[in-house]
Amino acid sequence: MPAHPLAARLIPWYAREKRDLPWRAPGFGAWGVLVSEFMLQQTPVSRVIPRLEAWLERWPTPAALAADAPAEAVKQWANLGYPRRALWLHRAAAEIRDRHDGVVPRDVDALLALTGIGDYTARAVAAFAYGDRHPVVDTNTRRVIARAVHGRAQPAPPSRRDLDDMAALLPVAEAEAAVVNAAAMELGAVICTARSPRCDECPVQDLCAWLNAGRPETPDLRRRQAKYEGSDRQARGAVLRALREGGALPQEAVLPDWPDALQRDRAILSLLDDGLVEAEDGVLHLPRS
């Protein structure tokens, strides 16, 4: 069966134009791919690369991370955002050590059973680390499919249909399928961007339903993320930064000058609920076990 026309264009384009990123290097390994996928969720590549390199230098295997305290994972996460991912990655590392003899599993269901791993991450590890044929869908991929296949300016909210749409584009051969998964992401990241798509440089421009329809402005139904400045997320990040830098602190000494005391207390309570902060006799610290 011949390759889908979009796939046939994406494969040679990706070979010529792909960015040189650490997780694409031959032999990078399943643990490195897994860590990179945790870090890359809603975080720019430029911020991830130095943190990824430092993380893998310190913890080159799941067992190495699992043997260290969760607090160290939260500290190492630093400014990547969504710090629960650091705690989830630490728990997943312990599960890999205990359930899979320290080897990141290949099976999608086994990956999905690990803490913090959803449909995207499980399939990304199986496809990019092990070369198995699975549809892998991220925000960039969904945007490419929305435009090239469905003629929409922006994708609809995420759904199971996204996997079916991507599966329809994949070549039969496993190696080529992995390339098409990566190429669709790359196209969305560097060419088919959300705000300023560079359609004149796109390798599939003559096949794109949206471009051929005149780039119509279709409704954007995606959920908007709340502004960071002044948000509870900002307060949570500030609390964690204070504990990373100052160690254990009495609760009243954490952000004493924060402009909204109720927001600060709300942030501390939510971090306690998430297990990112622990309290003993009124003293707050990062998780120790």
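Which residues does Leu-207 touch, not counting residues up to four places away in sequence? I found Pro-5, Leu-6, Arg-9, Ala-148 and Asn-212, a contact being heavy atoms within 4.5 Å.

**Basis of the entries.** I worked from a predicted model, in which local features need pLDDT of at least 70, side-chain atom pairs count only at pLDDT 80 or more, and totals for chains, interfaces and linings use all residues. Residues are numbered from 1 along each chain as its sequence is written, and side-chain values use heavy atoms, with hydrogens and water left out.

**Leu-207.** I located Leu-207 in the loop between helix H11 (174-190) and helix H12 (209-212); helices (H or I, at least four residues) and strands (E, at least two) are DSSP runs, numbered from the N terminus. I noted that Leu-207 counts as partly exposed, at 30% relative accessibility. For relative accessible area, buried means under 20%, exposed over 50%, and partly exposed in between (1.4 Å probe, protein chains only). Arg-9, one of the residues that Leu-207 touches, is 198 residues from Leu-207 along the chain, and their C-alpha atoms are separated by 9.6 Å.

**Whole chain.** I recorded 14 helices and 3 strands. The radius of gyration is 21 Å, close to the 19 Å of the globule rule for 289 residues, so the chain is as compact as a globular protein of that length. The radius is taken over C-alpha atoms, and the rule is 2.2 Å times the number of residues to the power 0.38. The C-alpha trace spans about 65 × 45 × 30 Å along its principal axes. Buried residues make up 46% of the 289. Of the contacts with a separation of 6 or more, 62% are between residues 24 or more positions apart.

**His-285.** I then turned to strand E3 (residues 283-285), which holds His-285. His-285 counts as buried, at 4% relative accessibility. Its side chain makes a polar contact with the side chain of Glu-280 (3.1 Å); the term denotes a pair of N or O atoms within 3.5 Å, where within protein one must be able to donate a hydrogen and the other to accept it, and residues adjacent in sequence count only if both atoms are side-chain atoms. Beyond four places in sequence, His-285 touches Leu-243, Ala-248, Val-277, Glu-278 and Glu-280.

Is Asp-281 buried or exposed? I found Asp-281 exposed, at 83% relative accessibility, in the loop between strand E2 (278-280) and E3. Its phi is near 55°, a positive value in a residue other than glycine. Leu-255, also not a glycine, has a positive phi of about 50°. Leu-255 lies in the loop between strand E1 (249-250) and helix H14 (261-274) and is buried, with a relative accessible area of 16%.
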